[in-house]
Each structure stands twice: as C-alpha cells, then as structure tokens.
Number of protein chains: 2
Amino acid sequence: MRETPFTRLRSGFWSRIDAAESIALVSHIDPDGDAVGSTLALYHILRAYGKDVNVVTRHAVPKFLRFLPGAEKFTPVRAASGIPRPPDLVIVLDCSDPVRVGDLVAVIEAARDVIVVDHHRDEERIPGFHVIDETASATAEILFDLCSGKLSRMPESAALALYVGISTDTGSFRYGNTSARSFRIASELIKAGRLDVPLIGKYCFARETLSRLRIRGEIYRKVVIEDNLIYGVIRPAELEKRGWDIQEAEGVIDDLALCPEVEYAAVLWELAPDYIRVQLRSVHDESVLEPARALGGGGHRKASGARIRGASLEEVLERLKRELRGVRPQRVRA
Amino acid sequence: MRETPFTRLRSGFWSRIDAAESIALVSHIDPDGDAVGSTLALYHILRAYGKDVNVVTRHAVPKFLRFLPGAEKFTPVRAASGIPRPPDLVIVLDCSDPVRVGDLVAVIEAARDVIVVDHHRDEERIPGFHVIDETASATAEILFDLCSGKLSRMPESAALALYVGISTDTGSFRYGNTSARSFRIASELIKAGRLDVPLIGKYCFARETLSRLRIRGEIYRKVVIEDNLIYGVIRPAELEKRGWDIQEAEGVIDDLALCPEVEYAAVLWELAPDYIRVQLRSVHDESVLEPARALGGGGHRKASGARIRGASLEEVLERLKRELRGVRPQRVRA
C-alpha cells in the first residue's frame with residue numbers, strides 16, 4: 001500500500017495496540033450515538049483481534065441505543081478506583097477535550113500509552129497519539145478507515161455500531177458533516193453487517209412517545225418569532241404538575257432550529273422563578289457562541305447555552321434578544 | 001458489458017429514446033420529491049443528449065423543491081390540449097398506475113411509444129415498455145443506473161435532482177427502502193454533482209414555519225393512545241378561525257407514526273360536522289389497507305385513508321377502532 005499521512009497514522013494506531021497487553025476504551029460523558037457506536041465497534045473489533053479490552057465509562061448507554069450488542073459493557077465506574085489495574089493503553093474515542101471525559105481523566109493519566117481518535121475541533125487536547133480528522137462526519141467514520149481490512153471480516157456487531165455512529169452524528173445523513181465518504185462507508189457497512197436500516201432508523205430516530213408529543217404540543221402552540229429569533233418556553237414545574245417527563249422536552253430546540261425563517265432558535269427553561277436555562281442554536285450560519293458567553297454560558301458555534309441566576313424569564317429574554325440583535329439587520333415578523 | 005436482464009432493459013430504454021424525435025416526460029399528480037427529481041434529472045440528461053424533450057404536468061413543483069434547476073419546466077397543462085402535437089415518446093416516471101397520472105392519460109395514449117420507469121408495486125399498469133424495479137428506493141435510483149455512463153459527464157443539475165429523489169423517498173435514508181445501493185448511488189451523485197448535502201437537507205427537510213409549529217402544537221397536546229392506536233384530531237374550521245394554513249397540518253400523521261408504542265396511527269379531519277377524512281399509517285408491519293377499505297377508502301399497505309360522509313367524528317373513530325381491534329391482541333395503555 002502506498003504510504004500516505006493516513007497509512008502512517010493507521011500503522012501507528014495498530015502498533016500501539018499490538019504493544020499493549022490490556023486496553024481500555026474511554027469516551028465522553030453523556031455518550032451519544034457516535035461515542036457509544038465507536039466504542040462498541042472498537043470493542044468488538046479488538047476482541048476479534050484477540051485483545052484484552054474493556055469499556056471504562058461514567059454513564060450507561062442511553063436507552064434508545066441499548067439494542068446495540070455489547071451495550072451492557074458500558075457499566076459506569078467511579079474514576080480510576082473502578083478499574084482493577086491501570087491498562088497499558090487507553091483509547092479515547094469521539095473526544096479530545098480533557099474536560100469532556102470528566103473524572104475519567106485519571107484513568108487516562110494512569111495509562112502507559114494513550115491514543116485519541118476524534119473528529120472534533122477542540123482547542124485543548126488530551127496528550128497522546130492523535131488520529132484527528134475534522135473532515136470526518138463521525139469518529140465511527142475514522143474508525144472504519146483505521147480498522148477495515150485488519151480482520152478477515154469485520155464483525156457484524158461492529159458494522160452495526162459504526163453505522164449507528166455515522167447515522168446519528170449526521171442526523172441521518174442531513175447535517176453539514178455528511179459527505180460522499182459518509183455515504184460510501186454507510187453502503188459498505190450495510191453489506192458487511194447485513195444491517196436492517198429501517199429498524200436501526202426506528203431505534204435511533206423514531207422515538208415519539210405520547211408524553212413527548214404532548215409536551216411538544218404545549219410548547220409549540222405558544223412558540224414566538226421576534227426579529228431574527230424563534231423561541232419557546234418550558235416551565236418544568238408545569239410539566240411535572242401534569243405528570244409529564246421533563247426529559248422528553250430535551251429535543252424541542254432542534255425542531256425550532258428547523259425554521260428557516262429566522263437566524264436563531266432558543267428555548268428558555270424556567271427552572272425556578274429566578275433561575276433560567278437558555279438553549280441556543282444557529283439556524284443558518286451565525287455563531288451563537290458569543291451571545292451565550294455574554295449571558296455567562298458557552299458551547300459551540302452552532303449550539304450553545306447558559307444558566308442564569310437572579311433574573312426572571314422576561315429579563316433573560318430581553319437580554320438575549322439584545323445580544324442577538326447586535327449581529328444582523330433584523331427581519332421583523334409579526 | 002455482460003448481458004443481464006438489466007442491460008437488456010437499459011438498451012431497450014435508450015433505443016426507444018434514439019428512435020424518438022420528440023419526447024415528453026410525465027409523472028404522477030401531486031408530484032413529490034422523487035417524481036420531480038426523476039423528471040428533472042431525465043430532462044437535463046436528455047437535453048444534454050441532444051433530444052427535444054418537454055415536461056408535461058398537471059401540477060407545478062411544490063414550493064420546497066423549486067430550488068431545483070429547471071423547476072419552471074413543470075408548467076401545468078390541461079391534458080392533451082396543452083401540447084402542440086403528440087410526442088413520439090412519452091416516458092412515465094415514478095408511476096405506473098393510469099389513475100395516478102390523472103387526465104394526462106390522454107397524452108400517454110396519443111404517443112407513438114411509451115416507457116414506464118417505476119419502483120412501485122401497482123396492480124394495473126400503463127401499457128408500454130416497462131422498467132420496473134420494486135427493490136429500488138426511488139425511481140431516481142433506477143434512472144441513475146439507466147443513465148450513468150451514457151454521457152461523458154452527468155450534468156450537475158441531474159445529479160442534484162436524482163439525489164433529491166432518493167433522499168426524499170427514503171426519508172433521508174431511514175425508511176425500509178434504503179439499501180446499500182441507495183447509499184452507494186448517493187455517494188456517487190454527491191461527487192458527480194458537487195452537491196451541498198446540508199443545504200439540500202435544509203430545502204427538503206428543514207421546513208418548519210411558525211404556523212406549522214403552532215398547528216402541530218394544538219394537535220399534539222391532545223393526542224390520544226387507545227389500544228393499539230395513536231390518533232389526533234384536526235378541525236380545519238378551527239385552524240382557519242385562527243388564521244392558520246390548513247395545508248401545514250398535512251404532515252402530522254407522519255409524526256404520530258413515529259410512536260413505537262402502538263401499531264397504528266390515525267389523523268381524523270373534521271372537514272364538516274358529518275364529513276370526516278381519515279389518514280391511516282402502519283407504525284410497525286400491520287397493513288392499514290383493509291381497515292381503510294372497510295371505511296370505504298383505500299391506499300397502500302402502510303399508508304391509507306378514507307373520506308366518510310354522514311357520520312360524526314365520534315362515530316368514525318368508533319368504527320375505526322373496531323376495524324383495527326380485529327387484527328391483533330390489544331395493548332391497553334391509559
């Protein structure tokens with residue numbers, strides 16, 4: 001094979017694995033589809049490769065991903081104390097920011113060797129051997145290239161997990177990270193894993209519940225567009241009074257951000273009368289990071305948030321609108 | 001190239017095109033993403049191939065698809081009278097049922113030759129040369145295989161239109177028709193058309209409006225689960241009173257069908273006090289065609305409907321529940 005920067009990374013990746021007796025896989029806290037998918041895929045691949053490998057995690061696999069073979073390997077441990085002995089090699093997946101691994105950073109620091117495989121653009125990076133590709137739609141996409149051809153056959157469970165990583169991180173092949181390469185790899189994974197695509201789609205995306213529909217109903221009917229902002233308000237106390245699960249309100253912001261009429265989407269949560277959580281999304285291309293920072297929060301360019309104490313919902317809303325108005329000519333809409 | 005059943009179809013397809021001086025493209029009424037995408041793609045390809053080609057349609061391109069180059073070619077005509085002279089060849093796309101082309105059937109009957117390209121399982125078929133592949137996710141997928149390699153380069157506008165056909169008909173690569181082949185073709189189209197996937201996703205899927213959110217809010221907050229059915233009620237008169245666009249309520253049924261807790265989803269429209277429209281979807285695998293037929297309607301196995309005169313909403317609901325209960329052990333849920 002012709003030597004390219006990637007083949008050099010690939011052989012570095014495998015020589016480190018070959019040199020290790022024991023391997024631990026670590027991903028970020030609150031693991032999502034790509035974190036879980038990448039971790040389980042590599043778990044199955046390294047097992048088939050004959051390695052002693054464990055998943056070290058702070059959180060269990062979210063309910064909707066428990067259909068993945070090996071999901072039970074995500075047994076939450078308490079930092080380093082949960083592991084019998086420090087592994088020779090820790091592979092950190094879908095995360096390069098030390099803050100995003102929580103107190104598992106101690107596990108990483110105790111390891112003899114560290115590999116980081118990620119597609120995020122983080123400023124601070126966990127030290128180690130880095131396989132970072134920001135053009136990849138998901139860490140699962142990078143892992144596919146690192147691992148394919150290494151075994152005589154990719155385990156079906158690994159193909160499934162990688163597919164779930166790519167599919168969830170691209171919002172089912174719609175977000176800006178989706179590329180010809182994502183589609184090509186998805187096609188190969190379907191064949192390798194004999195995957196039931198619609199069933200996976202149901203697990204990953206078709207997750208309406210009566211409670212979630214009703215909560216969204218309550219919020220959507222009162223949604224407001226003002227200037228360049230669409231916003232909704234969530235009052236957890238009210239939802240609780242009706243016996244609804246507050247967690248089901250979590251995705252509301254993503255629906256509001258599907259509104260091309262505006263630049264920004266926000267959800268304001270009245271956690272207490274003077275304690276407001278703000279979720280912010282960019283609908284087109286404006287950054288929401290600066291407005292979030294101005295409110296004392298943070299996050300990413302296209303998704304950010306803040307928690308504000310000592311201000312009412314109305315006050316926070318006014319401050320938010322002032323921050324957002326700074327950026328662009330307003331589009332007023334009654 | 002080795003001769004296969006498909007290569008025979010492909011050469012039959014092109015020899016008919018070669019033999020025709022004038023070609024008209026026809027698709028079904030109320031054209032969707034695949035109907036519009038397939039038609040415009042073939043329009044661009046046949047133009048580049050040097051053919052005299054027209055689109056003959058009863059309906060304009062829906063608003064969200066007007067970003068497609070050539071969308072203005074969908075200029076609605078009134079049956080055969082709108083065409084100066086009968087074309088040598090009519091190519092019917094994404095439709096093989098004569099009923100689904102409406103009165104354009106007269107245009108088809110006037111042509112010297114007819115090709116039908118479709119991926120639906122229709123019982124009655126428009127007579128002609130058939131390229132039917134029920135395993136294809138979309139007519140656009142069949143057209144890709146029929147046309148690729150025929151020109152030195154696929155026009156970018158055609159690649160875009162084919163991608164839109166596949167992407168909309170698979171619900172962005174999530175429905176049961178999605179296959180390794182769909183992904184492979186999508187990957188090739190992205191390269192051929194230099195496509196901006198997230199922008200296409202925004203046009204095709206990110207179409208929330210304030211009005212649509214509020215309408216869904218009104219409906220979702222009162223959604224009910226009973227036995228194996230989730231249902232919502234739409235009262236167009238009420239929506240109109242609030243100044244909302246009834247058309248925006250059209251997709252509600254698809255959200256209800258994302259609820260894995262039940263077997264069936266229904267939306268009941270009270271068009272008038274004793275005139276009820278029922279939309280039905282199968283959530284898992286049960287057929288909704290028989291219940292729809294029992295109510296005097298029809299449709300497909302997984303999506304059907306009926307319009308019932310002379311019965312109140314409550315009466316129709318009771319009849320519907322009786323029909324659905326016949327099929328399976330009930331799952332009662334308060």
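**Reading strands, helices and symmetry**

Colleague: In E7(B), B:Ile225 has B:Ile230 as its bridge partner. Which strands do the three bridges join here, and how do the strands run?

Modeller: This is a predicted model, in which local features need pLDDT of at least 70 and side-chain atom pairs count only at pLDDT 80 or more, whereas totals for chains, interfaces and linings use all residues. Residues are numbered from 1 along each chain as its sequence is written, chains are lettered from A and ligands numbered from 1 in the order in which they are written, and side-chain values use heavy atoms, with hydrogens and water left out. Strands of a sheet pair through backbone hydrogen bonds, either parallel or antiparallel. Two strands are said to pair if DSSP finds at least two bridges between them. Helices (H or I, at least four residues) and strands (E, at least two) are DSSP runs, numbered from the N terminus. In this case the three bridges join E6(B) to strand E7 (residues 229-234) of chain B, and the two strands run antiparallel.

Colleague: In what order do the six strands of the sheet in chain B stand? Which of them are the edge strands?

Modeller: The sheet in chain B is open, with the order E6-E7-E8-E9-E11-E10 and mixed pairing. Its edge strands are E6 (224-226) and E10, each of which pairs on one side only. B:Gly299 has B:Ser304 in E11(B) as its bridge partner, and a hairpin of three residues leads from E10(B) to E11(B). On to E9: seven bridges link strand E9 (residues 275-282) of chain B with strand E11 (residues 303-309) of chain B, again antiparallel. There B:Arg281 is opposite B:Ala303 in E11(B).

Colleague: What order do the six strands take in chain A? Why is one side of E6 and of E10 in chain A left without a neighbour in the sheet?

Modeller: Chain A also has an open sheet of six strands with mixed pairing, in the order E6-E7-E8-E9-E11-E10. E6 (224-226) and E10 (298-299) of chain A are at its edges with a single partner strand each, so one side of each has no neighbour in the sheet. Three bridges connect E6(A) with strand E7 (residues 229-234) of chain A in an antiparallel pair, where A:Glu226 is opposite A:Leu229.

Colleague: Let us turn to helices. At what angle do helices H5 and H7 of chain B pack?

Modeller: Two packed helices are described by the angle between their axes and the distance between the axes. Axes are lines fitted to C-alpha atoms, for helices over the stretch in contact, and angles run from 0 to 180 degrees between N-to-C directions. Helix H5 (residues 156-169) and helix H7 (residues 197-205) of chain B pack at about 55°, with axes 11 Å apart. H5(B) and H7(B) are therefore oblique to each other; angles under 35 degrees count as roughly parallel, over 145 as roughly antiparallel, 65 to 115 as roughly perpendicular and the rest as oblique. Contact (heavy atoms within 4.5 Å) is made by B:Leu160, B:Tyr163, B:Val164, B:Ser167 and B:Thr168 of H5(B) with B:Val197, B:Ile200, B:Cys204 and B:Phe205 of H7(B). These residues divide into seven nonpolar, two polar and no charged. Ala, Val, Leu, Ile, Met, Phe, Trp, Tyr, Cys and Pro count as nonpolar, Asp, Glu, Lys and Arg as charged, and the others, Gly among them, as polar.

Colleague: How do H6(A) and H6(B) cross, and at roughly what angle?

Modeller: The axes of helix H6 (residues 180-193) of chain A and H6(B) come within 8 Å and cross at roughly 160°. That makes H6(A) roughly antiparallel to H6(B). The crossing is left-handed; a crossing is left-handed if the near helix is turned anticlockwise from the far one by less than a right angle, and right-handed if clockwise. The contact residues of H6(A) and H6(B) comprise eight nonpolar, two polar and four charged.

Colleague: Which residues does B:Arg181 touch, not counting residues up to four places away in sequence?

Modeller: B:Arg181 lies in helix H6 (residues 180-193) of chain B. With that exclusion, B:Arg181 touches B:Asp133, B:Thr135, B:Ala136, B:Glu141, B:Ile142 and B:Asp145.

Colleague: Finally, what rotation superposes chain A on chain B?

Modeller: Copies are superposed by least squares on the C-alpha atoms of residues with pLDDT of at least 70 in both. A rotation of 180° with 0.0 Å of shift along its axis places chain A on chain B (RMSD 0.2 Å). That is the relation of a two-fold axis. In chain A, the C-alpha nearest the axis belongs to A:Gly217, 1.7 Å from it. The same surface serves both copies, since 100% of the contact residues of chain A recur in chain B.
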